[in-house]
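Here are my notes for you to read alongside the model. Take the points one at a time and find each place on screen as you go.

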Amino acid sequence: MTLDRRTVLTGATSAAAAAGLAGGVAHAAPPKGQIRIATEEAFSTTEHLRAMKKLVDSQPQVVRHDYRLYRMMTADLNADTPKRLLDLEKIRLAEMDEYGVTMHLLSLTSPGVQLLPADIAVGVAASTNDEMAEVIKRHPGRFAGLATVAPQDPAAAAKEIERAKTKLKLNGVMINSQTNNEYLDDKKYWPIFEAAEAHGMPIYIHPRSPSDQMIAPFQDYNMGSAFWGYGMETSTHFVRIMASGAFDRFPDLSIVLGHMGEAVHFWIWRLDYMARPGMSRGDTPMKRLPSEYLRRNLKITTSGQENPDALRYSIDTLGLWNVMWAIDYPYQETAGAVGFLDKAPITQPERDAIYWQNAARIFNIKL
Ligand code: MN
């Protein structure tokens, strides 16, 4: 697919306007030339996978709960998943063209650099961001990127966020949930929030294995994985940040959760009820009700959740402007993710907002 970006942009916008004038067209088919920005798309570098392999081979206790996964990812870099992670410009672009995916918002695959020793992690994060920025420059309109940071060193992470925004022109930050079993509500990490808010960089919190404190009931039946544990770990992380009052201190901070918001907003009524004045809200420094933070500070993506009922609920609960589309490449199929949103029973203006307009606004992406 070769896209004349100007033609596509104009076409999609006028289609959306026409649908709006007609009073909204339910179940409308996506127009040919639909713009699609996929927002949780993983890649890796040989430097990253080699550093991870060294860790897996020499200190399996550090990798612990995800040992099998990381051994699989790093044992043979020619195997399918690592090959797709390491490739940016051949297999990936061809697949994007095949399914009409305009752009991948790239991020270093989970767990990023968060298992590496702090000094090594800071270096790998910087070189990964440099490499990503080069690829983005070579393919304008096809790639954007979330910066990798090492939360192990919060001051360095804050500096890297500034560099990623001002020098590398990246679009946000990816953090793979807990770091050394610690969560970002701990005030020692707040320089990261401060930098992200100051530079308008949303923080995407991506899943990884539940922390050591949480892992016990997830150890059977492979439940620590994307099957169940990842979502519990990541949703808990978001609620910790919210309950800590971080959104009162950083009101313009945006946190992005994938996998249809890791189900946090399915709790919206009960979160408000249990945190109402006089109830457990007294135990937290939160100044507002959870629903206010969910609608102001939380953005979600559809990565790996191709469920039209959950999509409808998310739009109605959080607002259309807070929901974005993602594939979760290469772990989920492009065909499935495109088919899901193409066929979802929503109006064409809703589809345009979710497919690309929200991502363009939230991540400051220029098409
Ligand atoms: Mn993912």
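1. Start with His-139, which sits in the loop between α7 and β3 (143-148); helices (H or I, at least four residues) and strands (E, at least two) are DSSP runs, numbered from the N terminus. This is a predicted model, where local features need pLDDT of at least 70 and side-chain atom pairs count only at pLDDT 80 or more, while totals for chains, interfaces and linings use all residues. Residues are numbered from 1 along each chain as its sequence is written, and side-chain values use heavy atoms, with hydrogens and water left out.

2. What does His-139 touch, leaving out residues up to four places away in sequence? Glu-89 and Leu-93, where contact means heavy atoms within 4.5 Å. With Glu-89, the side chain of His-139 makes a polar contact of 2.6 Å. (That term is for a pair of N or O atoms within 3.5 Å; within protein, one must be able to donate a hydrogen and the other to accept it, and residues adjacent in sequence count only if both atoms are side-chain atoms.)

3. Now follow the chain into β3. Six of its six residues are buried, that is, under 20% relative accessible area, with exposed over 50% and partly exposed in between (1.4 Å probe, protein chains only). Strand β2 (residues 103-108) runs parallel to β3, joined by three bridges; two strands pair if DSSP finds at least two bridges between them. Leu-105 has Ala-144 in β3 as its bridge partner. From β2 the chain passes through α7 to β3 in a right-handed β-α-β crossover: with the strands pointing away from the viewer, the path from the first strand over the helix to the second runs clockwise.

4. β3 also pairs with strand β4 (residues 172-175), again parallel and with three bridges. Here Leu-146 stands opposite Gly-172. Together with helix α8 (residues 154-166), β3 and β4 form a right-handed β-α-β unit.

5. Glu-40 is buried at 2% relative accessible area, and His-206 is buried at 12%.
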